[in-house]
Amino acid sequence: MNVIRAIQLYIDKMIADAGPGMKMLMMDRETISVVSMAFAQSEMLQKDVFLFERLDSARSNERLKYLKCIVFIRPTRDNVLRLQRELRSPKYGSYYIYFSNIIPRTDIKALAESDESESVQDVKEVYADYLPVNPNLFSLHIPTCLQALNWNPEALERATQGLISVLLSFKIRPAIRFRSGSTAAQTLAKKVHETINKETALFSFRPPEDGAAPPLLLILDRRDDPITPLLNQWTYQAMVHELLTISKQRVDLSGVSGVPKDLKEVVLSTEQDEFYANNLYANFGEIATTIKVLMDEFQKKAHDQRKIESIADMKNFVETYPQFRKMSGTVTKHLVLISELSVQVGRQQLFEVSELEQEIACRADHSTQLQRVKRLVSEGKLSLANALRLVLLYAMRYERHANCDTSGLLKLLQDRGGRAHIAPRMLEYISTVARQELFNTVKITDAVKLTRNLIKELKGVENVYAQHECVLKGTLEEIVKGRPLDAQYPIMGNEVPFRRPPAEVIVFIVGGATYEEALAVHRYNQEGYRIVLGGTTIHNSESFIEEVLAATAGVPFKHSRSLQQFHQAPAGTA
């Protein structure tokens with residue numbers, strides 16, 4: 001199960017079906033990202049695709065009848081209307097139309113009526129309606145999906161379409177489970193279940209043989225684990241996203257001083273960058289060693305390139321120069337990224353901050369932790385963003401502690417100009433399940449969980465910066481071991497629950513996934529399991545806080561009445 005490969009196969013099929021000759025690719029605002037995350041532009045040129053256009057932007061009226069036009073767009077009403085206008089006055093010789101999801105028959109009929117010149121050669125559905133981030137990770141790029149802690153209707157529709165597309169691209173008709181107690185997870189599970197039952201012809205895949213369990217679609221809720229997105233990360237991809245932000249495989253470095261012009265924006269793709277693919281999950285210490293090895297290798301090749309003494313040397317130089325140039329670009333790009341990460345780690349005191357974050361997330365020691373948070377917040381050396389994160393973690397951990405001093409910490413933060421109003425919102429965002437289970441405030445009666453917690457405490461800590469384990473890791477453990485799921489994760493519909501573990505699992509997190517959770521999935525896949533993770537978006541701490549603010553807008557304050565003085569944002573802030 002590889003989401004990047006699934007998208008690549010669809011794009012290859014679209015190009016192959018158009019036959020030989022020069023082609024252009026017409027896309028919309030969303031499908032252009034799908035294509036660019038699967039293939040580099042140079043790779044598309046090698047496939048005879050020489051021109052790229054957006055259906056939803058201004059274009060020239062020049063007629064190019066010698067070009068075949070491959071149209072790859074989402075099946076939205078606006079796109080259909082734009083395509084109708086294009087077909088009434090066609091610019092290209094022939095059109096091969098591919099919708100990235102299920103298209104209503106009425107829209108197909110409308111397109112046929114607009115095609116008076118009979119330019120359209122083919123109309124098909126390809127199920128490529130999601131962004132392939134890593135081989136085991138996809139996103140729907142919905143930055144905020146809830147309003148007043150319920151689904152935004154447009155986001156719900158988009159999430160349903162995205163999940164249906166993922167299921168169809170892997171030819172899976174799954175059993176659907178959702179997190180008990182989560183209205184958002186249950187609503188999405190119901191919508192996906194209804195769509196599958198409505199589109200029975202599309203989902204008529206052969207059932208698993210020999211009584212094997214069907215594939216599983218598990219829908220979870222970010223509100224059940226608001227801790228993971230707030231923690232500093234120490235693996236390469238997660239660090240880049242937290243400190244520099246990755247958006248659709250691109251990192252904006254224009255604000256970094258001393259960066260060469262051609263590196264103001266860099267692309268991080270596992271398909272196009274072997275170093276990045278091999279080091280996605282390497283920790284910060286390992287990366288520095290690995291880049292040194294790459295540097296040594298590059299210097300050796302650069303030295304070899306200077307030895308041109310014969311015709312054979314010249315021939316060899318010409319043949320190896322493209323790889324040399326590519327390697328030079330890779331070395332420079334990753335040196336710039338790693339240097340900037342190193343600068344940020346020092347400037348933001350991330351070793352000290354991260355250690356305290358992990359301590360608060362993983363063990364209760366109220367008095368000591370309160371004093372440390374107080375010192376760091378009041379000293380003024382810490383950035384407001386890091387100070388806010390520490391206060392949020394403290395507020396959630398010690399919400400019901402007799403000596404909880406969230407109010408005092410927020411006053412310190414507010415005095416420094418920090419966004420103290422976010423803490424009450426976070427306390428409204430966190431779910432009942434998270435309140436009970438994240439910090440073990442309720443006595444654990446589950447023997448398996450109790451034993452696991454005891455073993456974890458006895459083993460001690462190997463790395464103080466990686467003590468925390470995301471909730472998803474424990475959930476996946478339950479699934480792959482074949483433990484009963486019905487109480488926590490009810491099954492949608494009237495399907496008979498299987499006791500055997502499923503061979504394939506797709507996990508989707510309403511409210512966004514994180515790279516820490518992608519790492520947990522990667523580790524299980526290394527053991528031979530087949531798991532894919534997706535989310536409405538991929539969060540770092542900043543985007544998660546924005547999600548929380550959007551989700552809790554208009555929600556009455558129930559859990560944070562004691563913080564009434566911090567309920568409203570100061571004028572001019574969000």
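Colleague: How many residues apart are E113 and K109 in helix α5?

Modeller: This is a predicted model. In it, helix α5 covers residues 105–114 and holds both E113 and K109. An α-helix has 3.6 residues a turn, so residues three or four places apart point the same way. The spacing of E113 and K109 is about one turn of the helix, namely 4 residues.

Colleague: What is the N to O distance in the salt bridge of E113 and K109?

Modeller: Side chains of opposite charge can pair when their charged atoms come close. Both E113 and K109 are exposed. Their side chains meet in a salt bridge, with an N to O distance of 3.0 Å.

Colleague: Is R222 buried or exposed?

Modeller: R222 forms a salt bridge with E517, and the closest N and O atoms are 2.8 Å apart. Buried means under 20% relative accessible area. R222 has 1% relative accessibility, so R222 counts as buried.

Colleague: Which parts of the chain hold R222 and E517, and how many residues apart in sequence are they?

Modeller: E517 has 2% relative accessibility and therefore counts as buried. R222 is in the loop between β11 and α8, whereas E517 belongs to helix α20, residues 515–526. The pair therefore ties together parts whose separation in sequence is 295 residues.

Colleague: Where do K47 and D12 lie, and how many residues apart are they?

Modeller: K47 forms a salt bridge with D12, with the closest N and O atoms 2.9 Å apart. The pair links distant parts of the chain: K47 is in the loop between α3 (41–46) and β2, D12 is in helix α1, and they are 35 residues apart.

Colleague: What is the relative accessible area of D12, the salt-bridge partner of K47?

Modeller: Partly exposed covers the range between buried, under 20%, and exposed, over 50%. K47 is partly exposed because its relative accessible area is 23%. D12 is partly exposed as well, with a relative accessible area of 26%.

Colleague: What is the strand order of the open sheet of 6 strands?

Modeller: The edge strands are β6 (131–134) and β10 (175–178), and each pairs on one side only. The twist averages 25° from one strand to the next. The pairing is mixed, and the order is β6-β7-β16-β15-β11-β10.

Colleague: Which residue is the bridge partner of L137 in β16?

Modeller: Strands of a sheet pair through backbone hydrogen bonds, either parallel or antiparallel. Strand β7 (residues 137–139) and strand β16 (residues 530–535) pair in the parallel sense over 3 bridges. In β16, the partner of L137 is L533.

Colleague: How many residues of helix α8 are buried?

Modeller: Helix α8 spans residues 236–243 and is mostly covered. Its buried residues include Y236, M239, H241 and L243.

Colleague: Is Q249 buried or exposed?

Modeller: Q249 lies in the loop between β12 and β13 (250–252). Its phi is near 70°, a positive value in a residue other than glycine. With a relative accessible area of 4%, Q249 is buried.

Colleague: Which residues make the nonpolar surface patch of about 410 Å²?

Modeller: F50 is found in strand β2 (residues 49–54). A patch residue needs over 30% relative accessible area. F50 has 41% relative accessibility and so counts as partly exposed. The patch is made by M22, L45, F50 and Y66.

Note on methods
Residues numbered from 1 in each chain as written. Predicted model: local features only at pLDDT ≥ 70, side-chain atom pairs only at ≥ 80, totals over all residues. Heavy atoms only, no water. Pairing = 2+ DSSP bridges. Helix = DSSP H or I, 4+ residues; strand = E, 2+ residues; numbered from the N terminus. Axes fitted to C-alpha atoms, helices over the stretch in contact; angles between N-to-C directions. Patch = residues over 30% accessible without salt bridge, like charges linked within 9 Å, V, L, I, M, F, W, Y side chains within 5 Å. Areas by Shrake-Rupley, 256 points an atom, 1.4 Å probe, with all protein chains shown as cover. Salt bridge = Lys/Arg side-chain N within 4 Å of Asp/Glu carboxyl O. Buried < 20%, exposed > 50% of the residue type's maximum accessible area, 1.4 Å probe, protein only.
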